[in-house]
Amino acid sequence: MINISDNRSSHEFLCFAHRGASGHEPENTLLAIEKAISLGAPWIEIDVFSVEDELVVIHDERLEYTTNGSGYVTEKTLAYLRTLDAGKGQRIPLLREVFDLVQHRAGINVELKGAGTNIPAVKLIKDYIRHHGWHYDQVILSSFNHQELARVKHLDPDIRIGALVLGIPRHYAKFAEELQAFSVHAGLAFVNQVFVDDAHRRGLKVFVFTVNFPDDLNRMRAMGVDGVFTNFPELVLSRKF
Ligand code: G3P
Ligand code: MG
């Protein structure tokens, strides 16, 4: 059992299993999530879209990339989506199935991909906090869609949000501070020392995606970032920093 409280230390370098342990198992499946936990990942990152009354866990807006289906995820019925093979016979999971599987063994970073995901995501998180023993510091809602994040914060200011960014904004991490974000999730290709220092000055954590090679990992460590997303959690967890 992973002790989440270990991850609250300000010194700890966090490892987010990106789409689960997607370097080992089909991304965004329960198999990849269980693999990440078995490797000791303290956090799992997954992507969600809203379909009917559920949040479904899949990265692309189209089905062709990871399943045997075709077309846009949000134009399908839930019943159809649940017939598809997301790899190794896995179904496209529902977000609540992920929470039920993880059972507090790791934190969950839910990346809101689709429009209109904010309301169902907040509803689900509040339900798992009220009725299933989860805590606010075990969940982060993130998105490139900062409108969705602002709505999350409006619906429940206690939910931690992570503002995703690819590139270096004109005013560095100011946008994330304005969103009252917990963290800024920055793309590996762009993140630099000035951005990291600016985010830290604003009280934000900096998590970088996607780091799959040791040299990049060392570079991020040297830059003082707070954690990384990786398809190979063992790469991060095997290293003694
Ligand atoms: O949340 C970090 C990372 O997953 C963002 O990019 O495209 O892999 O969802 P993407
Ligand atoms: Mg993602």
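This is a predicted model: local features need pLDDT of at least 70, side-chain atom pairs count only at pLDDT 80 or more; totals for chains, interfaces and linings use all residues.
The residues around ligand 1 are His 18, Arg 19, Glu 45, Asp 47 and His 59, together with Glu 111, Lys 113, Phe 144, Leu 164 and Phe 209.

Several members of this shell pair up with oxygen atoms of the ligand. The side chain of His 18 puts an N or O atom 2.8 Å from an oxygen atom of ligand 1. For Glu 111, a side-chain N or O atom sits 2.8 Å from a ligand oxygen, and the side chain of Lys 113 likewise has an N or O atom 2.8 Å from an oxygen of ligand 1. As for cover, ligand 1 taken alone exposes 290 Å², and 91% of that is buried by the protein.

Next comes helix 5, which spans residues 146-155. Its buried residues include Glu 148 and Leu 149, along with Val 152 and Lys 153. These four share one side of helix 5 because the arc they cover around the axis is only 140 degrees.

What lies over the buried residues of helix 5? Among the elements covering them are strand 4 (107-112) and helix 4 (118-131), as well as strand 5 (139-143) and strand 6 (160-165). The N-terminal end of helix 5 has a cap too: Asn 145 places a side-chain oxygen 3.0 Å from the backbone nitrogen of Gln 147.

Notes
Residues are numbered from 1 along each chain as its sequence is written. Chains are lettered from A and ligands numbered from 1 in the order in which they are written. Side-chain values use heavy atoms; hydrogens and water are left out. A residue is near a molecule or strand if one of its heavy atoms lies within 4 Å of it. A polar contact is a pair of N or O atoms within 3.5 Å; within protein, one must be able to donate a hydrogen and the other to accept it, and residues adjacent in sequence count only if both atoms are side-chain atoms. Accessible areas come from the Shrake-Rupley method with a 1.4 Å probe; for residues, only the protein chains shown count as cover. Buried means under 20% relative accessible area, exposed over 50%, partly exposed in between (1.4 Å probe, protein chains only). Helices (H or I, at least four residues) and strands (E, at least two) are DSSP runs, numbered from the N terminus. The arc is that of the directions from the helix axis to the C-beta atoms. Contact means heavy atoms within 4.5 Å.
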